[in-house]
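Here is a friendly briefing to read alongside the model. Keep the 3D view open and look up each residue as it comes along.

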Amino acid sequence: AKGADGTIVTQFTMVTIEELGLLKMDFLGLRTLTVINDAVKMVKKNTGVDLDFRTMECDDPKVFDLISSGRCEGIFQLESGGMKGFMKELHPESLEDVIAGISLYRPGPMDFIPNYIRGKNDKESIRYETPELEPILKATYGCIVYQEQVMQIFQNLAGYSMGQADNIRRAMSKKKQYVIDAERANFVDGNAEEHIPGCVGNGIDRDAANRIYDSMVDFAKYAFNKSHAACYAVVAYQTAYLKRYYPKEFMAALMTSVIDSNSGKIANYIQVCRDMGIPVLPPDINAGEGVFSVDGDGIRYGMYAIKSVGRPVIDHIVEERLAGGAYKNLEDFINRVNGREVNKRSLENLIKAGAMDCLPGNRRQKVYVFPLILDSVNESKKKNVQGQVSLFDLAPEESKADFEIQFPDQPEFDKEVKLAFEKEVLGIYVSGHPLEDYLDVMNRLVTAKSTDFLLQSPEDGNGDGESYTIVQDKAKVTVGGMIVEVRTIFTKKNQMMAYVTIEDLYGTMEVIVFPRDYERNRRVLVEDSKVFISGRVDAQEEKDAKLLCESVTPFDEISKTVWIQFADKEAYEASEAKLFETIAGNEGRDHIKIYVKNPKAIKELPSRYNVSADEELLGRLSETFGADNVKVVS
């Protein structure tokens with residue numbers, strides 16, 4: 001409005017949503033929505049396909065096949081262990097099935113899961129307490145799944161108004177037992193004062209009405225409303241669609257979403273990528289970006305994850321590369337990006353992370369040389385500012401190479417050292433893992449991995465909207481990995497116990513070893529030991545779970561089988577004496593099996609020929625019988 005002097009006057013009045021008479025709305029901010037948005041942008045950039053989920057029907061059978069397979073890592077609400085198993089059992093064929101699945105997998109409704117699956121697979125098995133339930137529950141195979149169905153039952157069977165039905169639905173969801181108990185009589189027999197005829201008044205059997213009420217009470221305490229579950233299911237479908245048709249873009253966006261917060265999640269998703277046949281490549285100053293990105297058939301590790309470098313430095317590196325072309329060598333890189341942001345620590349960490357493997361020289365050579373180059377570049381820039389001229393400036397172009405700092409004649413770091421550097425600066429291993437040689441035996445014996453002990457976000461799908469761990473309290477599990485820390489303490493009885501940190505391919509977990517078990521296993525409970533530990537889960541609210549140790553078994557005490565292949569029986573018999581000569585003096589617990597290709601036959605040597613399948617023996621066997629004919633199976 002205009003004031004007396006002609007100026008504009010604005011008046012603000014604060015009102016609440018309730019005062020406006022509007023419905024309340026929940027706005028749920030999800031990391032997954034950012035993942036979808038980032039993945040869609042990458043798909044557009046890499047393939048030219050412009051995905052628009054707003055116009056896309058949620059009915060692709062191949063997407064539901066993916067969900068039904070249980071390969072739901074990264075799929076919203078469906079990636080917990082329990083949900084993956086449930087989806088394999090449910091085998092959803094439509095969005096309606098996913099909506100129902102998300103609604104059912106929670107305390108209370110979970111009791112209906114067997115009936116729902118049975119009804120889905122065998123329509124003839126569906127039974128209704130009363131025919132009036134069929135139009136309400138037909139879509140969910142005779143089971144109560146949604147809060148809206150509870151309201152419909154109150155309305156259609158007992159004659160409640162919509163408002164009355166919603167009031168009792170709300171009381172049930174808030175577990176107001178006194179209201180629930182008092183309302184039974186109204187539902188069954190009616191209430192004339194409130195204009196409720198009741199089930200009996202509508203011709204429904206009294207016993208059936210009571211059974212229906214009982215089932216609603218148990219269900220409604222934890223039930224979703226369908227509109228809520230439908231929104232979740234749509235997001236789940238979109239993530240599953242991206243994973244099915246654009247797996248590299250989806251997994252890259254997924255890992256970017258946890259780049260600053262959860263190296264355990266990244267390690268888990270890296271393993272998922274490898275299982276999908278998608279290589280995860282080290283960070284690269286000439287090919288990578290700050291975030292995870294698609295690079296050919298693989299995913300390039302995001303440089304933002306490199307410790308002690310900083311996003312401004314990474315952004316500067318990428319911008320300079322886009323403006324001036326790829327970096328040619330270490331000196332070219334330092335010349336172009338050197339400044340107050342790029343220091344010795346950041347350069348060293350880029351080298352350790354493998355981000356400079358694209359440049360000439362191995363990592364060891366670069367670690368030795370980069371301080372000299374950095375000092376030289378800084379000195380040269382200082383002289384330029386002062387107007388001084390160096391011999392390098394005066395030398396002809398063809399002679400300038402003689403002035404360059406040369407790499408020392410040094411071999412590359414050992415694999416273990418390279419992996420340790422990657423763990424130091426990235427938080428995880430990228431190019432390999434110290435445990436990768438033990439994958440077969442770990443896959444056979446391990447029943448829980450480190451990420452199963454972490455407190456999970458409700459986004460991952462546990463059905464109750466609260467944080468949780470995948471492993472259940474008091475469950476007996478076996479973990480396997482490398483001990484990275486042992487912290488011992490004395491109890492009040494002056495007995496020694498330990499808190500052991502064990503690392504597997506995905507992250508770390510804590511194991512509590514009480515005095516009796518520590519004394520029995522202290523010889524193997526040392527750093528760098530590779531062990532399997534079995535015990536009971538200790539899962540407390542809002543905390544990562546721990547494992548209470550019951551037994552410890554070193555990796556090298558698990559027997560293996562050495563397979564040696566021969567073309568035919570005659571070839572084996574001709575080489576038998578040589579085989580016994582090769583394995584002589586190498587007694588151990590590992591078995592030897594002979595495989596004859598033609599005709600196909602298998603023979604296990606007696607236990608007196610058991611060996612220790614170490615690298616030395618396997619090398620001798622490979623040299624004698626050919627590397628392709630020798631294989632170790634854990």
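Not counting residues up to four places away in sequence, Ser534 touches Val477, Thr478, Leu548, Cys549, Glu550 and Ser551, where a contact means heavy atoms within 4.5 Å. Ser534 sits in strand β7, which covers residues 530–538. Ser534 is buried, with a relative accessible area of 16%; buried means under 20%, exposed over 50%, and partly exposed in between, using a 1.4 Å probe and protein chains only.

This is a predicted model, in which local features need pLDDT of at least 70 and side-chain atom pairs count only at pLDDT 80 or more, while totals for chains, interfaces and linings use all residues. Residues are numbered from 1 along each chain as its sequence is written, and side-chain values use heavy atoms, with hydrogens and water left out.

**The whole chain**

- The protein chain has 25 helices and 12 strands; these are DSSP runs numbered from the N terminus, with helices (H or I) of at least four residues and strands (E) of at least two.
- Of the 634 residues in the protein chain, 44% are buried.
- Taking contacts between residues at least 6 apart in sequence, 62% join residues at least 24 apart.
- The accessible surface of the protein chain is about 32,900 Å², and 49% of this surface belongs to carbon and sulfur atoms; the areas come from the Shrake-Rupley method with a 1.4 Å probe, and for residues only the protein chains shown count as cover.

**Salt bridges**

- Side chains of opposite charge can pair when their charged atoms come close.
- How many salt bridges does a search of the whole structure find? The search finds 38, each being a side-chain nitrogen of Lys or Arg within 4 Å of a carboxyl oxygen of Asp or Glu.
- Lys226 and Glu96 form one of these salt bridges, with 3.0 Å from N to O. This pair links distant parts of the chain, 130 residues apart: Lys226 belongs to helix α13 (residues 226–245) and Glu96 to helix α5 (residues 95–104). Lys226 is partly exposed at 29% relative accessible area, and Glu96 is partly exposed at 27%.
- Arg211 and Glu129 form a salt bridge too, and their closest N and O atoms are 3.1 Å apart. Here the partners are 82 residues apart, with Arg211 in helix α12 (residues 206–220) and Glu129 in the loop between α6 (113–121) and α7 (134–137). Arg211 is partly exposed, with a relative accessible area of 44%, and Glu129 is partly exposed, with 37%.
- Lys352 meets Glu424 in a salt bridge of 3.2 Å, N to O. The two lie 72 residues apart, Lys352 in helix α18 (residues 344–352) and Glu424 in helix α21 (residues 415–426).
- A network of salt bridges links Glu73, Lys84 and Lys243.

**Nonpolar cores**

- In soluble globular proteins, nonpolar side chains tend to be buried together.
- The largest nonpolar core has 128 residues, and those with the most contacts inside it are Ile67, Phe154, Phe187, Met216, Tyr301 and Phe333. A nonpolar core is a set of buried Ala, Val, Leu, Ile, Met, Phe, Trp, Tyr and Cys residues joined through side-chain atoms within 4.5 Å.
- Helix α13 gives the largest share of this core, 9 residues.
- A second, separate core has 22 residues, including Val477, Val479, Val513 and Tyr518.

**Leu426 and Tyr301**

- Leu426 lies in helix α21 and is buried, at 5% relative accessibility.
- Beyond its neighbours up to four places away in sequence, Leu426 touches Pro283, Tyr301, Ala305, Ile306, Lys307 and Ala353.
- The C-alpha atoms of Leu426 and Met303 are separated by 9.2 Å, although the two residues are 123 residues apart along the chain.
- Leaving aside residues within four places in sequence, Tyr301 has contacts that include Ile266, Val280, Phe292, Leu426 and Val430.
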